[in-house]
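Please look over the protein chain shown here, together with its sequence, before reading on.

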Amino acid sequence: MMERLQQSLDKLNPTLVTGMMVFIVALLAFEGWMLALRKPFAEYQQVAASEASLKASLSQAPDQASELGRLAAELRQLSDNLSGQLHLPAADDKIAASLMEALDRSAAKYNVRLSGVKPRERRPVSVFEE
């Protein structure tokens, strides 16, 4: 059997045999690429693309220290504003004067003339007086 195979190969052109062998080796290399190397290479490309995307998003993100400082300053300003708005004088006459001053400012803003304020009698409500 080997003899017949050897005789058949001797009848073939040597360049054709060499070409067929190169073609088979190339086909095996291509199949090896498809089976063994294509998936890891695709995963590597995906990881590289994710890394580039993350670097771009991190470069666009604001600096946390400056953002924290800005938020602290804004919180301080809002706290000062709120404490200024909530601060009322303790005495009744000072409360009335403060109320009149606030109403005068509001009236002046809208071109309204305020002539006076008359308080009503006090009445008890569940825990305090209104």
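## Accessible surface and model basis

Accessible areas come from the Shrake-Rupley method with a 1.4 Å probe, and for residues only the protein chains shown count as cover. On this basis the protein chain exposes about 12,600 Å², of which carbon and sulfur atoms supply 62%. Of the 130 residues of the protein chain, 1% count as buried, where buried means under 20% relative accessible area, exposed means over 50%, and partly exposed lies in between (1.4 Å probe, protein chains only).

The model is a predicted one, in which local features need pLDDT of at least 70 and side-chain atom pairs count only at pLDDT 80 or more, while totals for chains, interfaces and linings use all residues. Residues are numbered from 1 along each chain as its sequence is written, and side-chain values use heavy atoms, with hydrogens and water left out.

## Fold elements and confidence

The secondary structure of the protein chain comes to 4 helices and 2 strands, and from the N terminus on these elements run α-α-α-α-β-β. Helices (H or I, at least four residues) and strands (E, at least two) are DSSP runs, numbered from the N terminus.

The predictor's confidence in each residue is given as pLDDT, from 0 to 100. The protein chain averages a pLDDT of 81, and 88% of the residues score at least 70. Among the elements of the protein chain, α2 has the highest mean pLDDT (88), whereas strand β2 (residues 128–129) has the lowest (65).

## A nonpolar patch on the surface

Residues M2, L5, L9, L12, L16 and M20 form a nonpolar patch on the surface, and together they have about 610 Å² of accessible area. The elements that give two or more residues to this patch are α1 (2–11) and α2 (14–60), and the largest share, 3 residues, comes from α1. Patches are made of residues with over 30% relative accessible area and no salt bridge, with like charges joined within 9 Å and nonpolar side chains (Val, Leu, Ile, Met, Phe, Trp, Tyr) joined within 5 Å.

With a relative accessible area of 47%, M20 is partly exposed.

## Salt bridges in the helices

A search of the whole structure finds 3 salt bridges, each defined as a side-chain nitrogen of Lys or Arg within 4 Å of a carboxyl oxygen of Asp or Glu. In one of them, the side chains of K55 and E51 meet at 3.4 Å, N to O. Both K55 and E51 lie in helix α2, 4 residues apart, which is about one turn of the helix. K55 counts as exposed at 56% relative accessibility, whereas E51, at 43%, counts as partly exposed.

Helix α3 (residues 64–86) holds E67 and R70, which are 3 residues apart and therefore separated by about one helical turn. The side chains of E67 and R70 meet in a salt bridge at 2.8 Å, N to O. E67 counts as partly exposed at 28% relative accessibility, and R70 counts as partly exposed at 44%. The side chain of R70 also meets that of E74 in a salt bridge, at 3.2 Å, N to O, and E74 and R70 both lie in helix α3, 4 residues apart, about one turn of the helix. E74 is partly exposed, with a relative accessible area of 35%.
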